[in-house]
Amino acid sequence: MIEKRELQSGDTLIEARGNIVGDAVEEFRTALHEAIAGPGHLILLDLSKVQTMSSRAIGVLLLARKMALAEGRTIRFDKCNPLLAKTLLAIRFDTIFDMRCTE
């Protein structure tokens with residue numbers, strides 16, 4: 001389940017619960033695209049309840065990053081499950097995303 005909400009600052013928080021695989025990838029893509037098109041500069045990802053993502057979900061994140069940069073927005077990994085953080089670090093997401101959750 002993916003929940004998207006606007007914060008008082010105008011930024012957007014996307015919180016995922018459960019693994020981002022199968023049909024959840026489309027829900028994740030929709031939430032990201034809506035956040036990129038919405039107000040605010042920052043898109044915060046709370047993935048503390050996500051253990052795994054499919055390769056398709058990783059592709060969605062990479063495309064969303066490109067779109068966000070074009071719109072002057074930043075995607076930040078605010079919270080990550082430790083297992084997911086290991087995977088994202090292994091594929092060097094920390095070199096292209098703001099990953100505060102791994103600090």
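**Exercises on strand β2**

In β2, Thr-12 is the bridge partner of Glu-6. The model is predicted, and the exercises below start from this pair.

**Exercise 1.** Find where Thr-12 lies and state whether Thr-12 is buried or exposed.

*Solution.* Step 1: Thr-12 belongs to strand β2, which covers residues 12-17. Step 2: buried means under 20% relative accessible area. Step 3: Thr-12 has 3% relative accessibility, so Thr-12 counts as buried. Step 4: leaving aside residues up to four places away in sequence, the residues that Thr-12 touches include Glu-6, Ala-35, Pro-39 and Leu-42.

**Exercise 2.** Describe how β1 and β2 are joined.

*Solution.* Step 1: strand β1 spans residues 2-6, and five bridges link β1 to β2. Step 2: these two strands run antiparallel. Step 3: besides the pair Glu-6 and Thr-12, Arg-5 stands opposite Leu-13 in β2. Step 4: β1 and β2 form a hairpin with five residues between them. In the turn, Gly-10 has a positive phi of about 95°.

**Exercise 3.** Work out which way β2 and β3 run and which unit they make with helix α1.

*Solution.* Step 1: strand β3 consists of residues 42-49, and five bridges connect β2 with β3. Step 2: β2 and β3 run parallel. Step 3: Ile-14 has Leu-45 in β3 as bridge partner. Step 4: together with helix α1 (residues 23-37), β2 and β3 make a right-handed β-α-β unit.

**Exercise 4.** Explain why β2 is described as largely enclosed by the rest of the structure.

*Solution.* Step 1: β2 has six residues, and five of the six are buried. Step 2: therefore β2 is largely enclosed by the rest of the structure.

Notes: Residues numbered from 1 in each chain as written. Predicted model: local features only at pLDDT ≥ 70, side-chain atom pairs only at ≥ 80, totals over all residues. Heavy atoms only, no water. Helix = DSSP H or I, 4+ residues; strand = E, 2+ residues; numbered from the N terminus. Buried < 20%, exposed > 50% of the residue type's maximum accessible area, 1.4 Å probe, protein only. Contact = heavy atoms within 4.5 Å. Pairing = 2+ DSSP bridges. Right-handed = clockwise from strand over helix to strand, strands pointing away.
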